[in-house]
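Dear colleague,

I am passing on the structure we spoke of, and below it you will find my notes on what was found. Please read them with the model open beside you.

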Amino acid sequence: MWSTVNEKFKKYPARKAVAFKMLELGLRVDKDSKIYCGDLKISDSALAKSVDVDRRVIKSTINVILKDEELFNIFGNIMPAGTLLKNIAQNLGLGVIEIEVGQSNQGVLAAVALVASNRGIDIRQAYASDNHFNESPVLTLITNDSVPSSSIKEFLEVEGVIKVSIY
């Protein structure tokens with residue numbers, strides 16, 4: 001997907017920035033030439049302001065997507081991931097584990113989940129940032145209870161893990 005988007009927009013950096021922002025936020029293009037987050041219509045001007053481009057760039061990006069079957073298959077079917085509880089976890093009495101991983105991160109989620117399971121930590125939500133958007137991706141785990149700081153050492157022993165923060 002990333003190589004497709006890069007290739008299709010390589011001559012137009014502003015359009016490419018719009019496309020990547022849409023991927024980042026889970027925004028889709030519909031046949032009515034509008035952009036949606038789920039069923040919520042997003043204004044061209046709001047997206048343009050977010051990407052710091054003229055709103056005409058939004059229109060031209062949409063037109064390119066609608067005319068290209070491969071792009072429309074991506075942008076016509078994308079969905080937002082939903083609410084990430086990280087910023088409100090403390091208010092809800094939940095725990096947060098943030099795990100920064102390197103570019104070589106294959107199997108980190110499974111290994112981290114095993115560490116959590118072995119320690120009796122119940123994972124309520126897991127979110128991994130995409131390494132195409134972040135040089136150092138972060139795996140965020142929301143847990144049903146606070147996480148003991150003594151577990152940091154075990155998480156750090158997982159291959160590929162660079163840093164662990166517990167809130």
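Just after helix α7, Gly120 takes a positive phi of about 75°. The helix itself spans residues 108–118; here and below, helices (H or I, at least four residues) and strands (E, at least two) are DSSP runs, numbered from the N terminus. Before going further, please note that this is a predicted model, in which local features need pLDDT of at least 70 and side-chain atom pairs count only at pLDDT 80 or more, while totals for chains, interfaces and linings use all residues. Residues are numbered from 1 along each chain as its sequence is written, and side-chain values use heavy atoms, with hydrogens and water left out.

To stay with α7, its buried residues are Val108, Val112, Val115 and Ala116, where buried means under 20% relative accessible area, exposed over 50%, and partly exposed in between (1.4 Å probe, protein chains only). Seen down the axis of α7, these buried residues fall within an arc of 100°, so they line one face of the helix; the arc is that of the directions from the helix axis to the C-beta atoms. Ala110 and Asn118, on the other side of α7, are exposed. The buried residues of α7 pack against β4, β5 (123–128), β6, α8 and β7, with contact meaning heavy atoms within 4.5 Å.

Among these strands, β4 (residues 95–101) has six of its seven residues buried, so it is largely enclosed by the rest of the structure. Strand β4 pairs in the antiparallel sense with β6 (residues 138–143) over six bridges, and two strands are taken to pair if DSSP finds at least two bridges between them. In that pairing, Ile97 has Leu141 of β6 as its bridge partner. With β7 (residues 161–166), β4 pairs over five bridges, again in the antiparallel sense, and here Ile99 stands opposite Val164. In the loop between β6 and α8 (152–156) one finds Ser151, which is buried, with a relative accessible area of 0%. If its neighbours within four places in sequence are left aside, Ser151 is in contact with Arg119, Ile121 and Ile166.

Elsewhere, three strands form an open sheet in the order β1-β2-β3, with antiparallel pairing. In this sheet β1 (28–29) and β3 (40–42) stand at the edges, each with a single partner strand, so one side of each is left without a neighbour in the sheet. Strand β2 (residues 35–37) and β3 pair over three bridges, and Tyr36 stands opposite Lys41 in β3.

Val29, in strand β1, is buried, with a relative accessible area of 0%. Apart from its neighbours within four places in sequence, Val29 is in contact with Met22, Lys34, Ile35, Ile62, Ile65, Leu66, Phe72, Phe75 and Gly76. The C-alpha atoms of Val29 and Leu114 are separated by 38 Å, these two residues being 85 apart along the chain.

Which residues of helix α1 are buried? In α1 (residues 2–9) they are Trp2, Thr4, Val5 and Phe9, and they cover an arc of only 165° around the axis, which puts them on the same side of α1. They pack against α2 (13–25), α4 and α5 (69–75). Thr61, whose place is in helix α4, is buried, with a relative accessible area of 0%; leaving aside neighbours within four places in sequence, Thr61 is in contact with Phe9, Arg15, Val18 and Ala19.

Lastly, the helix packing. Helix α3 (residues 44–51) and helix α4 (residues 55–67) pack at an angle of about 105°, with their axes 8 Å apart; axes are lines fitted to C-alpha atoms, for helices over the stretch in contact, and angles run from 0 to 180 degrees between N-to-C directions. The two helices α3 and α4 are therefore roughly perpendicular to each other, given that angles under 35 degrees count as roughly parallel, over 145 as roughly antiparallel, 65 to 115 as roughly perpendicular and the rest as oblique. Asp44, Ser45, Leu47 and Ala48 in α3 meet Arg55, Ile58, Lys59 and Ile62 in α4. For α2 and α3, the angle is about 105° and the axes are 10 Å apart, and there Ala17, Val18, Lys21 and Met22 in α2 meet Leu47, Ser50 and Val51 in α3.

With best regards
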